[in-house]
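Please read them alongside the sequence and the coordinates.

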Amino acid sequence: MTAREWIRADETAKDFFARTIAERPPPLPPPLHRVPLRAGNVVEIVGPSPSAKSQILLEVAVNCILPKDWKGVSYGGLELSVMFIDLDCRFDVLRLLQLLKCRISCANGSNREHKEEMSTTRKEYNDVYDEDLIEVCLMRFRYIRCYDSFEFLATLKGLAVELQTSRTKLCSSVSFLMIDSIGAYYWVDRASTSLPFESSSRRTFSLQSVSETVVNEIRNVLLLHPMLVLTTKAAIFSDKGAKHDAKSYSFRKHYTSETLHETTMGSGSENSLYREYMPSVWQSFVTHRLLLHPCLDRFSDVVTSGQVFVAEWLLPLLGTRDNFVVRDDGICVV
């Protein structure tokens, strides 16, 4: 290769920026609005049960599958497809439909303020639902249920083909991958005995090998189909004294300055430590982490009669907390 061939431009500056600069996703609903999230980020939503983890996924899903405009009415949606992988097997399709209808009714009500006096009965209120609109929105929502780690790995293996099929049918690419919840099979895989296979060349089935395969498969999918990954995970909380009482190395190795987080679960001295239990290969793969937990102080009784939840970012570490409640029409910041 000559010097002239080496310095010759392969593409113009316009083509370079079009190839390297990815469009930033629109702002997400609370409590994910604090941090700018881009395609390729892996967000882990951690919290005990219940702490509205799945509710946040449904809120984002509804915001994505709704259209921007439909028959002259502005719904403020993103018109994007969502891939939802249910590992917890507790997906509530009725709750998804309820949130979707609430958003549609709210938009229709804002567009028909001059007809509010005429819509006095519940029947008239329900008539604003457009079945064609609901069908179009639900077509953008792809749902997959897995019952064990083998089915989850098989799903990830064929995820690239599934995403391409969805793109062909819906004429739009999947922009959000949601996994609820990533630690559903942790204890089963950890308790499983690592039995060798008939062939010595195959890897043994273990928690570490499963986690490595999951991370590699998701990473490969993101290379072909850049999208934002949202996952939920059940949290483990322990007393402060447990940090010093651990005897085995397998238990102590999780209690490091990077994996422990102290948070106030209630009033007074009810302090607890959030302990990370997922393998390090998954911890290093996560780019953002949001911690949720119930608020048990008087703030819950003063502001609302419902349960108040607290959201705080651990990665990146922010100094602010968001208090929110879950209502029939979705999440409301208080």
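The points below go from the overall fold to one helix pair and then to one strand residue.

1. This is a predicted model. The protein has 334 residues, and 45% of them count as buried. Its secondary structure amounts to 14 helices and 14 strands.

2. Among contacts in the protein with a separation of 6 or more, 70% are between residues 24 or more positions apart.

3. Two packed helices are described by the angle between their axes and the distance between the axes. For helix α7 (residues 149-157) and helix α10 (residues 207-224), the axes come within 9 Å and cross at roughly 20°. Angles under 35 degrees count as roughly parallel, and α7 and α10 are therefore roughly parallel to each other. The crossing of α7 past α10 is left-handed.

4. On the α7 side, this contact is made by Ser149, Phe152, Leu153, Leu156 and Lys157. On the α10 side, Val210, Thr213, Val214, Glu217, Ile218 and Val221 take part. By residue class, the contact of α7 with α10 has seven nonpolar, two polar and two charged residues.

5. Is Ser175 buried or exposed? Ser175 belongs to strand β6, which spans residues 174-180. Its relative accessibility is 17%, and buried means under 20%, so Ser175 counts as buried. With neighbours within four places in sequence left aside, Ser175 is in contact with Leu80, Ser81, Met227 and Leu228.

Methods
Residues are numbered from 1 along each chain as its sequence is written. This is a predicted model: local features need pLDDT of at least 70, side-chain atom pairs count only at pLDDT 80 or more; totals for chains, interfaces and linings use all residues. Side-chain values use heavy atoms; hydrogens and water are left out. Helices (H or I, at least four residues) and strands (E, at least two) are DSSP runs, numbered from the N terminus. Buried means under 20% relative accessible area, exposed over 50%, partly exposed in between (1.4 Å probe, protein chains only). Contact means heavy atoms within 4.5 Å. Axes are lines fitted to C-alpha atoms, for helices over the stretch in contact, and angles run from 0 to 180 degrees between N-to-C directions. Angles under 35 degrees count as roughly parallel, over 145 as roughly antiparallel, 65 to 115 as roughly perpendicular and the rest as oblique. A crossing is left-handed if the near helix is turned anticlockwise from the far one by less than a right angle, and right-handed if clockwise. Ala, Val, Leu, Ile, Met, Phe, Trp, Tyr, Cys and Pro count as nonpolar, Asp, Glu, Lys and Arg as charged, and the others, Gly among them, as polar.
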